[in-house]
Amino acid sequence: MLSNLLNEKTVRIANGKNLDWKTSIKEASKPLLEDGTILNGYVNSMINVVEKEGPYINIGPGIALAHAQPNGFVNRVGMALLKTQEPVALTSKDHMINIWFVLAAVDSNSHLESIKELTKLLTNPNNVEKLLSANSVYDLLDVIKNVDSNFDVKRKEDKK
C-alpha cells in the first residue's frame with residue numbers, strides 16, 4: 001500500500017523560499033537516506049538525469065516525481081514526499097513545483113504496484129488539490145490513506 005511507503009517518517013513539509021530544484025530533491029530524499037533505503041549516489045543520479053534530460057520529472061501541475069536508475073545506490077523500494085509551501089522552479093519558471101515525490105526502485109518491476117497507487121492518487125483532481133493545499137504532514141497523509149482504502153475496496157471487487 002502507498003501508505004506503507006508514504007508515512008510520518010517519509011512525508012515532510014518545507015517552506016520552499018530558500019530552495020532550488022536541486023535542494024528540493026535533496027530535501028525530499030532525506031528520509032530515504034536516513035533510513036538507508038538509498039545512498040547519496042542515488043540523489044546525485046536523480047539530479048544528473050534532470051540536468052541531462054530536462055524537467056521530465058514534472059508529471060503534473062505542481063508535481064514532480066524524481067527517480068533514476070538504481071545503479072547500486074538503492075537498497076529497497078522506497079518513496080518520500082516533500083511539500084513546499086512556496087513553489088520551486090524545476091529548471092525554469094515553466095515548471096513550478098510544490099509536491100516533490102522521490103521514488104527509489106531496486107529493479108524494473110518491484111515498484112510497479114506503488115506506481116499504480118500513486119497514479120490513482122494523482123489522476124484524481126480532488127486529491128491533487130488537497131495535496132497542494134495541505135498545510136501539515138497529517139493533511140497529506142489523510143489524502144494518501146483515503147486513496148489506499150479506496151484502492152483496497154477496488155481490489156476486493158476485482159477479485160470477485
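I first located Thr91, which lies in the loop between β4 (78–90) and β5 (92–104); helices (H or I, at least four residues) and strands (E, at least two) are DSSP runs, numbered from the N terminus. I noted that the model is predicted, that local features need pLDDT of at least 70 and side-chain atom pairs pLDDT 80 or more, and that totals for chains, interfaces and linings use all residues. Residues are numbered from 1 along each chain as its sequence is written, and side-chain values use heavy atoms, with hydrogens and water left out.

I looked up the exposure of Thr91: its relative accessible area is 39%, hence partly exposed (between buried, under 20%, and exposed, over 50%, with a 1.4 Å probe and protein chains only). Leaving aside residues up to four places away in sequence, Thr91 touches Trp21, Val50 and Pro55 (contact means heavy atoms within 4.5 Å). I also found 8.7 Å between the C-alpha atoms of Thr91 and Asp20, which are 71 residues apart along the chain.

I then turned to the sheet. It is open and mixed in pairing, with five strands in the order β1-β4-β5-β3-β2 (two strands pair if DSSP finds at least two bridges between them). I recorded β1 (11–14) and β2 (58–60) as the edge strands, each pairing on one side only.

I checked β2 against β3 (residues 62–66): the two run antiparallel and are joined by two bridges. Asn58 has Ala64 in β3 as its bridge partner.

Lastly, I noted that helix α2 (residues 21–34) packs on the sheet and touches β1, β3, β4 and β5. The direction of α2 makes about 155 degrees with that of β4 (axes are lines fitted to C-alpha atoms, for helices over the stretch in contact, and angles run from 0 to 180 degrees between N-to-C directions).
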